[in-house]
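Work through the stops in order.

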Amino acid sequence: MAYSGDMSNIEANAETPSRARLLTARIIGSLMAGVAISLGGTVFLRIKDAFPGGTVVGSFLFAVGLFAVCTRSYPLFTGKLCYVLHKKPSYAAGLLLVWLGNLLGCMFMGCIENASAICGEAGINATALAMAQAKMDSAPLSLFVLGIICNIFMFIAVNGYRDNPHQLGKYLAIIFGVMGFICAGSEHSIADMYYFCVSGAIYSNPLPVFKALLFISLGNFVGGNLLPLLEITTRKLNKGQE
């Protein structure tokens, strides 16, 4: 006997992605964000010491990574955490998944690049190793503070891209935000993941690497929510005066 009931609910359920599919999509997207940031890091490592002012030029070109993340809506840990105060508590818990997906993307890029001619005794892996060692030797408090500074720049970048009403302003926010955190010498957890991966430090010295990433990530979390917290507080105070 043919079924004559309402099929609308069945069709709606069929079109709604399952939790597993959404989770898989988030992991893949986070991996792509890690790849995008790694591409920016690759360019930076190639030219940072190539000529005087290479760090400044490299910081400008590094912005290609965040450009891809913002325009393609890839989940990036340092960008997503800037909106914790505006989301439900479950949003913060999901950031760990994004962090791990970003790490997988960085590991992927580090592996394939080490099979290419850009790595070697004087390749980008050697440049990254010197940077990685400096981070592992840094005091945890220093890494934490530099992580805070970095994500203040990141908030300016991602929030500027999202909310600036002018098209040029959106892309200048990305460029200046990235150039700012690099030239300031601050610590971006996902960029650092890439340096640890392409240098091989994450495999040879995993404990100090993950210790450094922990303090940098915590600093990024605080820095990413510092300006939003102050802005929310300011709006409440102004509203009270009105």
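**Stop 1: aromatic pairs**

Keep in mind that this is a predicted model. A pair of aromatic rings is described by the distance of the centres and the angle of the planes. The structure holds five aromatic pairs. Select Phe44 and Phe62, which make an edge-to-face pair, with 6.3 Å from centre to centre and 70° between the planes. Phe44 belongs to helix 2 (residues 19–47) and Phe62 to helix 3 (residues 54–72), so this pair ties together parts that are 18 residues apart in sequence. Are these two residues, Phe44 and Phe62, buried or exposed? Both Phe44 and Phe62 are buried.

Now select Phe67 and Tyr171. Their rings form a tilted pair, 5.9 Å centre to centre and with 45° between the planes. Phe67 sits in helix 3 and Tyr171 in helix 8 (residues 167–183), so the parts tied together here are 104 residues apart in sequence. Phe67 counts as partly exposed because its relative accessibility is 40%. Tyr171, at 31% relative accessibility, also counts as partly exposed.

**Stop 2: a lysine over a ring**

Select Tyr161 and Lys170. Lys170 lies over the face of Tyr161, 5.7 Å from the ring centre.

**Stop 3: Ser38**

Go to helix 2 and select Ser38. Its relative accessible area is 0%, so Ser38 is buried. Which residues does Ser38 touch, leaving out those up to four places away in sequence? They are Gly105, Cys106, Met109 and Tyr194.

**Stop 4: the largest pocket**

Rolling a probe the size of a water molecule over the atoms shows where empty space is left. The largest pocket has a volume of about 350 Å³. To find it, select its lining: Arg19, Leu22, Leu23, Arg26, Ser90, Gly94 and Leu97. Helix 2 and helix 5 (89–113) are the elements that give two or more residues to this lining. The largest share, four residues, comes from helix 2. By type, the lining residues are three nonpolar, two polar and two charged.

**Stop 5: the second largest pocket**

The second largest pocket has a volume of about 300 Å³. Of the 15 residues that line it, select Tyr74, Gly79, Lys80, Tyr83 and Val158, which lie nearest its centre. Helix 3, helix 4 (77–80) and helix 7 (140–163) each supply at least two lining residues. The lining of this second largest pocket divides into ten nonpolar, two polar and three charged residues.

Terms used. Residues are numbered from 1 along each chain as its sequence is written. This is a predicted model: local features need pLDDT of at least 70, side-chain atom pairs count only at pLDDT 80 or more; totals for chains, interfaces and linings use all residues. Side-chain values use heavy atoms; hydrogens and water are left out. Rings of Phe, Tyr and Trp (its six-membered ring) pair if their centres lie within 6.5 Å; planes under 30 degrees apart count as stacked, over 60 as edge-to-face and the rest as tilted. Buried means under 20% relative accessible area, exposed over 50%, partly exposed in between (1.4 Å probe, protein chains only). A charge sits over a ring if NZ of Lys or CZ of Arg is within 6 Å of the ring centre and within 35 degrees of the ring normal. Contact means heavy atoms within 4.5 Å. On a 1 Å grid over the protein atoms alone, a cavity is a set of points where a 1.4 Å probe fits but cannot get out, and a pocket is an open set with protein on both sides within 12 Å along at least five of seven lines; lining residues have an atom within 4 Å of a point. Grid points are joined across faces, edges and corners, and a volume is the space filled by probe spheres set on the points. Ala, Val, Leu, Ile, Met, Phe, Trp, Tyr, Cys and Pro count as nonpolar, Asp, Glu, Lys and Arg as charged, and the others, Gly among them, as polar.
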